Amino acid sequence: MAKLVPVPSGSMVPDRDINKKPVLECVDLGISFGGLRAVQDFNIIIGPTEISGLIGPNGAGKTTVFNLLTKVYQPTQGTILLNGKDTHGMNTMQVNRAGIARTFQNIRLFDNLSVEDNVKVAMDANMHYSMWSGIFRLPAYWREEKAAHEKALELLSLFSMEKLAHIQAGALPYGAQRRLEIVRALATNPSLLLLDEPAAGMNPSETAELMENIRKVRDTLQIAVLLIEHDMNLVMNICEGICVLNFGRIIAKGTPEDIQSNPAVIEAYLGKK
Amino acid sequence: MRKPVSAPFHFLTYLLVIGAYAALQVLQARGELSATMRGMLVPICAYVVMAVSLNLTVGVLGELSLGHAGFMSVGAFLGTSTAIALQDAVPIPGVRLAIALVVAALCAAVAGFLIGIPVLRLNGDYLAIVTLAFGEIIKAIFNNLYLGVDAKGVHISLLEDTTNTAADGRLIIQGPMGIGGIQKISTFTAGFVLIMISLIVIFNLVGSRAGRAIMAIRDNPIAAQSVGVNLIKYKMMAFVVSAALAGSAGALFAMNYSTVVANKFDFNTSILILVFVVLGGLGNMFGAIVAAAVLTILPEALRPIAEYRMLLYAVLLIVMMLTANHPFVKAIFNRFRQTGQIQLEADDEEKEAA
Amino acid sequence: MNFIIQFVNSLTSGGGTYQLLNHIINGISLGSVYAIIALGYTMVYGIAKMLNFAHGDVIMVGAYVCFYAFGAMKLPGPLAVCAPLLAICAAVVVCTLLGVTIEKLAYKPLRAAPSLAVLITAIGVSYFLQNAALLLWSSSPKVFPSFFVFRSVNDAGETVTLRSVQLGSLSISFVTIVTIVTCIVIMLSLTWFTGRTKMGKAMRACSEDKAAAQLMGIDVNATISLTFAIGSGLAAIAGALLCSAYPNLVPTTGSMPGIKAFTAAVFGGIGSIPGAFLGGLLLGVLEIFAKAYISVQLSDAVVFAVLIVVLLVKPTGLLGRTVREKV
């Protein structure tokens, strides 16, 4: 596939430092399911350490965009460049190893594993001891398991979950499950974190805490975040750039201020006057 | 709080196996074991290994396999053939048995790898039918395989004996007749050692990054891939390890008898082992061991009621499944889990209050 | 099995096209039996999402009931022609009741249980039926009577037994014709039943979503019972047809055809009625061809190997639906 020229209009944040290479560039991304074009002409650019939002009415195709980025669905059109590298032909696992981690709208934890093991599973790609080292408990096993244990607790402590390390993930309360999904995603060392409705089902105080945590994660780990959210308070507060999707197409892009006053967005949400 | 595989539970399982071995050895030494019981010691060991190895596929990986006896068959035939071929070269029975078990494990691992290829593409009942088909194919092949060994090497033929094995050599596998004239070199101690090795392999594998990944795939394959877990590698690993252990169990089993035929390892045997795993509890090695031992002895114990015993066995099976899944019984089991959950919620409230 | 080997050997002695045609007809006949059994499997799977391993043994029970009912019947003169039909009816009634009873006692309490628990229970039921049959009817094989045989008087005034019709040099036995016709009739009526009748639609609704069906006022329990009744009734018919073609009846008669039919159902795409029909026919033809052209002993291996290859290419069977998990 030919190297595509980045489209400057893809950026949502006008004053971004142009010297920094973007983490993610989508060029004319799209997918059709048996003739239905679920997403089309999706162009965005996300810079490093940017927090961006993807909003839109129900059924607009937001989660489909996440599924395209993580190759749960293979795109039928367009290109995804991750840190400048084309992800064409990669599968879900390879995209993750290349730097995209995600959470799911309908929580997908490893219910029967402990909280700590859920996080450690995500470190698997960065662990190297062999099956035999595991079976015979060779030094490599002890060394890497110790390191994994420490890193897991460190990541859990970002969300104050280190005390829950030994609890079975499926038995956690809803809010803790959502937080654990984020920690698990972070354990893969991503450069871009995709959050699918992270505040769904949370009360206002939990949401406020979540916002704090998302900022903290971005600052400490220096990663970019793209989130889907219906809670406008959260989106307008923490996102630096916002992209609005309706019927699978981008109808507006820009800063929170731009979006709030955009007539097309207001029409999509509230209908025509 | 329920944790699927925890260290103290491993300890209990090892203790159970060692304790049972010691007790049975003492009973045997004092001559308190009946001839039937003595004859069943090795088969019980083989079935226990079959059960724990199948538990790796069904309980830990979460994929239904209906052809586990196929791997047992591969191990039984090729392991026993190896032992027979080495009869003169390796005079010490223990060493010969060990070599045969290793060869059996390797051959079954290769079979596991081959069947693993389609398994990786399929799910649920479609995967189950492929494992069933595999078991039937293995059975048909060994029912028609002729294998002879002489000074010039190994000769193999299908359907008819065209191996032209020299007179000084020996035709080991004789088609539907299977293998005859086997030296019974399997011992209870060998069986005990094999169980211990299987438990160490499975517990340590499950307790390493591989086991975590395998259980993650079972719980949620999409999420596992999304965090970079190599689905193909780990599914294959679980399948191959499970097959290898089943192969050595097959060799152990076969060398406890003077003859072995392919029809012994049919669909019913696969199902029998699956019953051990399900009754013992998915992923629960302790339970699988107990179920395998009890259900192997049960038909013998029911012998006094002769012709009704298999009928009673069937009824017991149904009743056990119905009871285990009865709402009342489930409620009792759930209480243990709920205590953990309530404790956790209390912790949460405490945190919010603070 | 000897019968089949002889049967096949007798086929391989003829000429090329004639032989091929004969194999195809025999394949379709055997496939029709598989298809009828597979229809039962697939309907039960569709609605109860369970592999009813006892299905094969219901076939065996059906064959035994048919055998004894036929033996007990002493119909006068011209009415004797009806005897096989009445015997099959008796088998259908008994098996229908048996199927519903099994469902009520063993499967219904496990509606909410994990699928493996249900599978093991089904295996328990299968053992139960086999061993009960062993106690009731002993392990010595029963020679199933020749149904579908007509007697007539030839020109010389001798009574001759007609077993087949002659089409040129091709001879097709009545059993074959009856089997194929029965299978087509069953297939068409099931398609009509599930597509056009109220109960059939309820059945489809239940297999789609039981909770939603219940909210729409469908009696889910009754619908599941009905499905088991139909499936078991079909098994009885299959048992009679199977034993008419291969008349060696023992308590394990149903096992292998049961497994084959289960394979056929998966082959065609489990849950799909046309799939079970297609899968059954293909499996039958494949088996007869493998026996004729490859090896009698390895025919099962060939059939199962083809199945694995097909599933590799089409992971949900020939006509099965691909269900995409919502992420």
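In which sense, right-handed or left-handed, does α4(C) cross α9(C)? Hold that thought for a moment. First, a word on what we are looking at. This is a predicted model. Now the answer: α4(C) passes α9(C) in a right-handed crossing.

Let's stay with that pair. In chain C, helix α4 covers residues 83–107, and helix α9 covers residues 220–245. Their axes are 7 Å apart, and the packing angle is about 140 degrees. The cut-off for roughly antiparallel is over 145 degrees. So α4(C) and α9(C) count as oblique to each other.

Who makes the contact? On the α4(C) side you can find Ile88(C), Ala91(C), Val92(C), Cys95(C), Thr96(C), Leu98(C), Gly99(C), Val100(C) and Glu103(C). On the α9(C) side, the residues include Ile224(C), Phe228(C), Gly231(C), Gly233(C), Ala236(C) and Ala240(C). Sort the contact of α4(C) with α9(C) by class, and you get 13 nonpolar residues, 7 polar and 1 charged.

Which residues meet here? From α7(C) come Met199(C), Ala202(C), Met203(C) and Cys206(C). From α9(C) come Val220(C), Thr223(C), Ile224(C), Leu226(C) and Thr227(C). Note Ile224(C): this residue is in the contact with α7(C), and it is also in the contact with α4(C). By class, the contact of α7(C) with α9(C) has 7 nonpolar and 2 polar residues, with no charged ones.

Next, how does chain C meet chain B? The contact takes in 36 residues of chain C and 32 residues of chain B. Three helices of chain C each give at least two residues to that side: α5 (115–137), α10 (255–268) and α12 (299–313). Which one gives the largest share? It is α5(C), with 12 residues. The side of chain C that touches chain B has 27 nonpolar, 7 polar and 2 charged residues.

Chain A touches chain B as well. There, 34 residues of chain A are in contact with 32 residues of chain B. Several elements of chain A contribute two or more residues: α2 (92–98), β6 (100–102), α3 (115–121), α4 (131–136) and α6 (174–186). The largest share comes from α2(A), with 4 residues. The side of chain A that touches chain B splits into 17 nonpolar, 8 polar and 9 charged residues.

On to chain B itself. Chain B has 13 helices and 3 strands. Along the principal axes, the C-alpha atoms of chain B fill a box of roughly 90 × 50 × 35 Å. Of the 354 residues, 49% count as buried. And sequence distance? Take contacts in chain B between residues at least 6 apart in sequence: 75% of them join residues at least 24 apart.

One residue of chain B deserves a stop. Ser248(B) sits in helix α9 of chain B, residues 231–254. Is Ser248(B) buried or exposed? Buried: 31 other C-beta atoms lie within 10 Å, and the cut-off is 20 or more. Leaving out residues up to four places away in sequence, Ser248(B) touches Gly75(B), Leu101(B), Ala104(B), Ala105(B) and Leu194(B). Compare Pro221(B). Ser248(B) and Pro221(B) are 27 residues apart in sequence, and their C-alpha atoms are 30 Å apart in space.

Asp28(A) is not a glycine, yet its phi is positive, about 50 degrees. You will find Asp28(A) in strand β1, residues 24–33 of chain A. With 14 other C-beta atoms within 10 Å, Asp28(A) is partly exposed.

Ser160(A) has a positive phi too, about 50 degrees, and is not a glycine either. Where is Ser160(A)? In the loop between α5 (139–158) and α6 of chain A. Ser160(A) has 13 C-beta neighbours inside 10 Å, so this residue counts as partly exposed.

Key: Residues are numbered from 1 along each chain as its sequence is written. Chains are lettered from A and ligands numbered from 1 in the order in which they are written. This is a predicted model: local features need pLDDT of at least 70, side-chain atom pairs count only at pLDDT 80 or more; totals for chains, interfaces and linings use all residues. Axes are lines fitted to C-alpha atoms, for helices over the stretch in contact, and angles run from 0 to 180 degrees between N-to-C directions. Angles under 35 degrees count as roughly parallel, over 145 as roughly antiparallel, 65 to 115 as roughly perpendicular and the rest as oblique. A crossing is left-handed if the near helix is turned anticlockwise from the far one by less than a right angle, and right-handed if clockwise. Two residues are in contact if their C-beta atoms, placed from the backbone, lie within 7 Å. Ala, Val, Leu, Ile, Met, Phe, Trp, Tyr, Cys and Pro count as nonpolar, Asp, Glu, Lys and Arg as charged, and the others, Gly among them, as polar. A residue is buried if 20 or more other C-beta atoms lie within 10 Å of its own, exposed if 12 or fewer, and partly exposed in between; C-beta atoms are placed from the backbone.
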